[in-house]
Amino acid sequence: HRRTRRGMLIAASFTVVMALSAMRTDPEFMRYDAAARCVELTIIGRYDESNNGYNFNGGFGGSHRVTVPLGWRVAVTLVNRDVIPHSFALIRPVRWLPLRIDRPALPGAASRQHQVGVRAGAREEGIELVASQPGVYLIACGITAHTAGGMYLRLTISADASVPTYETGVTAGQVAARR
């Protein structure tokens with residue numbers, strides 16, 4: 001009886017260790033429900049002091065990369081921790097980043113007043129879009145000159161991805177080398 005019990009404990013411990021090592025932990029900026037095909041993305045303006053505060057979630061110049069499977073619903077919450085307004089709009093990457101963003105690349109893919117922004121210390125919820133067109137985009141601040149100043153993340157809508165991912169380990173130098 002003792003030998004059987006010990007064997008069961010070892011097997012159970014092994015199973016727990018294997019399950020924990022396969023468990024995927026998402027950063028604080030993203031949660032998703034694969035069954036519902038929905039991802040919740042939080043964008044925090046001036047998350048920290050990197051890039052003189054012109055950052056989303058601490059990333060700037062495309063150093064953070066988000067991948068969303070094609071057809072998934074994306075719910076975005078924008079939090080502004082800065083003393084000046086910030087917003088977001090999904091745009092196509094271009095060689096010369098715009099000083100002003102007129103309209104987003106996909107329907108509904110922007111803050112409600114992306115050229116005016118969310119006031120200091122406020123948050124905006126309930127922004128939803130469908131990842132309907134595969135490709136590479138920028139989640140960029142819609143306030144004049146903020147995108148050109150590096151305040152953007154990269155978003156890839158992928159037909160090959162099965163679940164969303166959020167990469168924070170990309171440095172600004174690596175981003176410049178990939179352009």
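A: Let's start with a term: a cavity is a set of grid points where a 1.4 Å probe fits but cannot get out. Keep in mind that this is a predicted model.

Q: How many cavities of 30 Å³ or more does the count come to here?
A: The count is 1 cavity at that cut-off. The largest cavity has a volume of about 80 Å³.

Q: S2 and S4 are strands, so how do I read a sheet?
A: The general idea is that strands of a sheet pair through backbone hydrogen bonds, either parallel or antiparallel. In this model, an open sheet of 4 strands runs in the order S1-S2-S4-S6, with mixed pairing. Strand S1 (30-33) and strand S6 (123-130) are the edges, each pairing on one side only. Take S4 and S6: they run antiparallel and are joined by 6 bridges. Leu 78, for one, has Glu 124 in S6 as its bridge partner.

Q: Where is the mean pLDDT of an element lowest, and where highest?
A: Where pLDDT is low, the predicted coordinates should not be read in detail. Here helix H2 (residues 172-178) has the lowest mean among the elements, 46, while strand S7 (residues 135-140) has the highest, 98. Residues 12-25 also have pLDDT below 50. For the chain, the mean is 85, and 79% of residues reach 70 or more.

Terms used:
Residues numbered from 1 in each chain as written. Predicted model: local features only at pLDDT ≥ 70, side-chain atom pairs only at ≥ 80, totals over all residues. Heavy atoms only, no water. 1 Å grid on protein atoms, 1.4 Å probe; cavity = no way out; pocket = protein on both sides within 12 Å on 5 of 7 lines; lining within 4 Å. Points joined across faces, edges and corners; volume = space filled by probe spheres on them. pLDDT = per-residue confidence, 0-100. Helix = DSSP H or I, 4+ residues; strand = E, 2+ residues; numbered from the N terminus. Contact = heavy atoms within 4.5 Å. Pairing = 2+ DSSP bridges.
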